[in-house]
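Here is my note on the model, as numbered points. Please read it alongside the coordinates.

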Amino acid sequence: MLEKGIISTRQFVLMLFIIITSFTSLHVPAILIQQAGRDSWLAVIGGWFLDVLLAIIYGYLGVRFPGENFVQYSMTILGKYVGRIVGIMFPIFFLLVCALIQRGLSHLIRSAFLPETPFEVILLSGALIIGFAARKGIEVIARVCEVIGPVYLLSIILLISFILPISEINKMKPQLEEGFPTVLVGAFMILTFYGICIMMAMFIPLNNKIENGFLAKFIAVSMGAFFVGSVVVLSIMVFGYDEVKNIAVVGYSLTRMVNIGNFLERMGIIWMMIAVGAGILASSMMVWAFSLGIAQISNLKTYKPLICPTVFLSSIIAITSFDNHAEHIRFTHYTYPIIAASVESGLIFLLFFMALILKKRGKAL
Amino acid sequence: MVVTSIIIGIFLLFIEGRNLIKQKEWKEIVVVISIICLAIVLSVFQSLGFKTPLQIIESWITPLGKFIMK
């Protein structure tokens, strides 16, 4: 086994929570509000429900192929050659997500705090930390997630309690103005962002109780949906629908609205620190998953030498693939959901049905 | 950009490759070199004004995305 680290179920939950929230808290609420309007909260619930259904399949495959992640059981189910072609799609997808998170975080830091600093410098500084974290291995990342995860969750609970007094529920009206189709499309869209939790299939073999895979994902997605739902609802109730759809990072804008007795204000910096820390952790998990997946497909003895080149590659993808921030947002809005749906649902359904049809099981069973 | 990425690539190859050559892990070296070369090729593509793979994928998929989403 290339990765010998073991993680507990609590670490598993918090790692998935960090991945979901860091990916969805940046630009996704604004895109979701643009899509589903005042009904975004319904889309968040719909996406949560669909993702829990998908988690049953991931959990089942994890138990059917104990000790194997989806890169490995792709090869077990589909054979050496086709399995490798299907299996490599997952690491490539993680690389894409890593590049998107890196770019989103760098833009956030630059626009909020360092407008004069070149974008590449911010991105490469983050890349150094991502590489350092990923090289330490999954156990170290898991322990850091155990620290940052609860802080992140606490931050949203505090944000809700600080922002609720200035929010107006009337701004949520009218509901279902454009009917259910926009809600359903919104649910599909947010599902693709929650769906990055397919990472659970990389974590299940490392969990000390593999049967807890579904439970971990259920708890993590529920917490993540609560996080995204709260940000979406609060931002509409504070800024109003017409204004909020033009705000790039609504979570940050919300924290700037906190003002307790003209004393406790400018909380944005604290939220940013937590969000950036979580984003770096999420990116390092993506880099770890890419390196491990590629090492397994290529039959390497170790994945660690691939970590730094992978961080370099994802940084270059983040820099070269988009000329400006609008292009990045357009990609996240219109292209990413289609790619993600085909990997997160399409490939997993393919593996699930092929495992049933070909009656394949893990070697340990 | 291209020069910087080549310098970083050589630096990474030196750092990672040294131990791998000592341990005669040739397969690992090939994968490391491939990833670094891919990164450098991407930066060369961008400087020459070619579309990167992600931009090509985007041009294929975005019409479908715009059809489904607002």
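1. A term first: two residues are in contact if their C-beta atoms, placed from the backbone, lie within 7 Å. By that rule, chain A brings 27 residues to the contact and chain B brings 32 residues.

2. On provenance: this is a predicted model, where local features need pLDDT of at least 70, side-chain atom pairs count only at pLDDT 80 or more, and totals for chains, interfaces and linings use all residues. Residues are numbered from 1 along each chain as its sequence is written, while chains are lettered from A and ligands numbered from 1 in the order in which they are written.

3. Which helix of chain A gives the most to the side that touches chain B? Helix 14 does, with eight residues. Helix 2 (28-36), helix 8 (180-194), helix 14 (307-320) and helix 15 (325-357) of chain A each supply at least two residues of that side. Helices (H or I, at least four residues) and strands (E, at least two) are DSSP runs, numbered from the N terminus.

4. The loop between helix 7 (138-163) and helix 8 of chain A holds A:Pro174. The peptide bond from A:Lys173 to A:Pro174 is cis, with omega near 0°. A:Leu176 lies in the loop between helix 7 and helix 8 too. Its phi is positive, about 50°, although A:Leu176 is not a glycine.

5. A:Asn262 also has a positive phi, about 55°, and is not a glycine. A:Asn262 sits in the loop between strand 1 (259-260) and strand 2 (264-265) of chain A.

6. Buried or exposed: which is A:Asn262? A:Asn262 is exposed, with 6 other C-beta atoms within 10 Å. A residue is buried at 20 or more other C-beta atoms within 10 Å of its own, exposed at 12 or fewer, and partly exposed in between, with C-beta atoms placed from the backbone.
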